[in-house]
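Please look at the model below with the surroundings of its ligand in mind. My notes follow as numbered points.

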Amino acid sequence: MSSVISLTGIRRVFSMGDQQFEALKGISFSVDAGEFVAIMGASGSGKSTCMNILGCLDLPTAGSYLLDGLDVGGMTPNQLADIRNKKLGFVFQGFNLLARTPAVENVELPLVYAGLHSKERRQKALSAMEQVGLSGKENNHPSQLSGGQQQRVAIARALVNNPAVILADEPTGNLDSSTSNEIMGLFTALNRQGITIIMVTHEHDVAAYAGRQITFKDGSIISDSQTKRTS
Ligand SMILES: Nc1ncnc2c1ncn2[C@@H]1O[C@H](COP(=O)(O)OP(=O)(O)O)[C@@H](O)[C@H]1O
Ligand SMILES: [Mg+2]
């Protein structure tokens, strides 16, 4: 099995003055290519701390993290930025789009950082927009799109680099339930095409779309269960 993510004994201790708080207490799990994983747990259980480490936005206090076989520990900030851009796609609760920029240019952004030429960027961005069902909306600004369409733009932006993993933190948190179901249908379809997805949610019906649920409590994993076959 090819693990795209491998966490072993990950601890994250935050220091505030002379106070120390252990937000992750030595967690371990692996994710294989093609899995769709939901991370669940109460507020404060360590989900975002874990996602920040998975996203190479933060480093663990102890433990090891292999991303697509690369050891993230000990990388310099520039190397982390580089691996983030090459290996990961991000989807956020608040979409995080540039408001005054046409949808297609939002989707192109990771390719600008990757240094691709404009023609190739446009081609890849148009194809990612087609993949998420947004053909015809290329020139709309985010304010001219519904919440669900804005999240589709964000998902196209996450896909455009052909990342090893898509990380989504509460991707349906700002959407009504029918739009949430549409977005989860899109994630399911992308996963069936082989895309690996790790998603944080506190909603059980959203988590049910994933083939595997990992539950956090007080900085530890209390359950890790497969509900259906993924791949
Ligand atoms: N930068 C930080 N400094 C201090 N404590 C933090 C920091 N980030 C998170 N924490 C603490 O770590 C715990 C886990 O937080 P978080 O990972 O955001 O939980 P979740 O996303 O599950 O709600 C919380 O008690 C939070 O207060
Ligand atoms: Mg959180």
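**Notes on the ligand 1 site**

1. A backbone N or O atom of Ser48 lies 2.9 Å from an oxygen atom of ligand 1, a polar contact in the sense of a pair of N or O atoms within 3.5 Å. Taken alone, ligand 1 exposes 560 Å², of which the protein buries 62% (Shrake-Rupley areas with a 1.4 Å probe).

2. The model is predicted, so that local features need pLDDT of at least 70 and side-chain atom pairs count only at pLDDT 80 or more, while totals for chains, interfaces and linings use all residues. Residues are numbered from 1 along each chain as its sequence is written, chains are lettered from A and ligands numbered from 1 in the order in which they are written, and side-chain values use heavy atoms, with hydrogens and water left out.

3. Two further contacts reach oxygen atoms of ligand 1: a polar side-chain atom of Thr49 lies 2.6 Å from one, and a polar backbone atom of Ser45 is 3.2 Å from one.

4. The shell around ligand 1 (residues with a heavy atom within 4 Å) includes Phe14, Met16, Phe21, Lys47 and Ser48. Strand S1 (3–16), strand S2 and helix H1 (47–54) each supply at least two residues, and H1 gives the most, with three; these elements are DSSP runs, of at least four residues for helices (H or I) and at least two for strands (E).

5. Phe21, which lies in strand S2 (residues 19–32), is partly exposed with a relative accessible area of 47%, that is, between the limits of 20% and 50%.

Key: Buried means under 20% relative accessible area, exposed over 50%, partly exposed in between (1.4 Å probe, protein chains only). A polar contact is a pair of N or O atoms within 3.5 Å; within protein, one must be able to donate a hydrogen and the other to accept it, and residues adjacent in sequence count only if both atoms are side-chain atoms.
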